[in-house]
Amino acid sequence: MTQAPEKIIDTDLLLQRKRRALARNIAGADFLMHRTEEDMADRLAAVSRRFERAATIFCGTPSVAETLLASGKVGEVLQIEADTAFLGHQPGTVALPGVIPLKPQSIDLAVSLLSLQDENDIPGMLVQIRRALKPDGLFLAAMAGAGTLAELRESLLAAEVEMSGGASPRVLPFADVREAGALLQRAGFALPVTDVEPVTARYSTLFDLMADLRAMGATSSLSARSRRPSTRRFFTRAAEIYAERFSDADGRIRATFSLIWVSGWAPAESQQKPLRPGSAEVSLARILKPGGGE
């Protein structure tokens, strides 16, 4: 019997915070998603083909589908979201978190932006996405990776240890780029590619950073979070530590977002295949010998 994955994320709380952030619609709070959408369009522009049917997977905003349609690389877009609030005016369907209601080999392109890090079963999600793709269909995603909000994590941890002698989890544990690549291969994607794009935002204080995270719906939804309310004194001390360790010469603090981009293709006969071991016509040893390439 397969053991269910550990529920790191409190999904109900996460959705509640995402809905609240969308309803408040604070200007500028979508800066990270906006930048990621621009990068997605650039990456698709480098692919020399058109995708007739695409799906956006739990992106939490209709703007991803709108960006895909505006790119000219996509015919139609189906949105899959956990709540109707995230669909906007484009076609879409509501699904349970972690469930992708698509028939096998029914789409040419699957896109996930800034959401995979919030999944309790990332390997399961990737398998579902690969099955939904037609042969030679593309999966393109960006997720928060290791190093994201490292300054905030360190400052909160230091303040809590100093004031109470212990610490509770407050920032999501993020995968690194190697783990992301391994997950693609494990899910059966061909030609997997991963890379990291660091984004640095600057704020006056830790409180301004936290206000932006709330406006994104990105404050902690960890299942193992402490249920005990944090005091103003605790956050004031964390803000002091943050300013001491991570401020620039002008006094503003830095916040790092490390975005891991992943792409992979559903296997197809037409794709390039690695050579069989021993099938090379010229041995590597001969090439590496002085004069061996002549």
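The model is predicted. Its largest nonpolar core has 53 residues, and the structure holds 13 salt bridges.

**Nonpolar cores**

- In soluble globular proteins, nonpolar side chains tend to be buried together.
- Within the largest nonpolar core, which has 53 residues, the residues with the most contacts are Met40, Leu109 and Leu113.
- Helix α8, residues 232-246, contributes the most to this core, giving seven residues.
- Leaving aside residues up to four places away in sequence, Leu113 touches Met33, Thr36, Glu37, Met40, Cys59, Val64, Ala142 and Trp261.

- Asp108 and Lys134 meet through their side chains in a salt bridge, with an N to O distance of 3.8 Å.
- Asp108 belongs to strand β4 and Lys134 to strand β5 (residues 133-144), so this pair ties together parts that are 26 residues apart in sequence.
- Asp108 counts as buried because its relative accessibility is 10%, under the 20% limit for that term.
- Lys134 has a relative accessibility of 32% and counts as partly exposed.

- Arg237 and Glu240 form a salt bridge through their side chains, at 3.1 Å from N to O.
- Both Arg237 and Glu240 lie in helix α8, where they are three residues apart, about one turn of the helix.
- Glu240 counts as partly exposed, at 38% relative accessibility.
- A network of salt bridges links Arg237 and Glu240 with Glu162 and Glu244.
- Arg254 and Asp248 form another salt bridge, in which the closest N and O atoms are 2.6 Å apart.
- Arg254 is partly exposed at 25% relative accessibility, and Asp248 is partly exposed at 25%.

**Leucines with a positive phi**

- Most residues other than glycine have a negative phi.
- Leu114 has a positive phi, near 55°, and is not a glycine.
- Leu114 is placed in the loop between β4 (107-113) and α4 (122-132).
- With a relative accessible area of 15%, Leu114 is buried.
- Leu191 is likewise not a glycine, and its phi is positive at about 50°.
- Leu191 is placed in strand β6, residues 190-203.
- Leu191 has a relative accessible area of 43% and is partly exposed.

**A buried loop residue, Leu172**

- Leu172 sits in the loop between α5 (150-164) and α6 (177-186).
- Leu172 counts as buried because its relative accessibility is 12%, and buried means under 20%.
- When residues up to four places away in sequence are not counted, Leu172 touches Ile8, Ile9, Gln117, Asp118, Arg153 and Leu222.
- Leu172 and Thr148 are 24 residues apart along the chain, and their C-alpha atoms are separated by 9.1 Å.

Conventions
Residues are numbered from 1 along each chain as its sequence is written. This is a predicted model: local features need pLDDT of at least 70, side-chain atom pairs count only at pLDDT 80 or more; totals for chains, interfaces and linings use all residues. Side-chain values use heavy atoms; hydrogens and water are left out. Helices (H or I, at least four residues) and strands (E, at least two) are DSSP runs, numbered from the N terminus. Buried means under 20% relative accessible area, exposed over 50%, partly exposed in between (1.4 Å probe, protein chains only). Contact means heavy atoms within 4.5 Å. A nonpolar core is a set of buried Ala, Val, Leu, Ile, Met, Phe, Trp, Tyr and Cys residues joined through side-chain atoms within 4.5 Å. A salt bridge is a side-chain nitrogen of Lys or Arg within 4 Å of a carboxyl oxygen of Asp or Glu.
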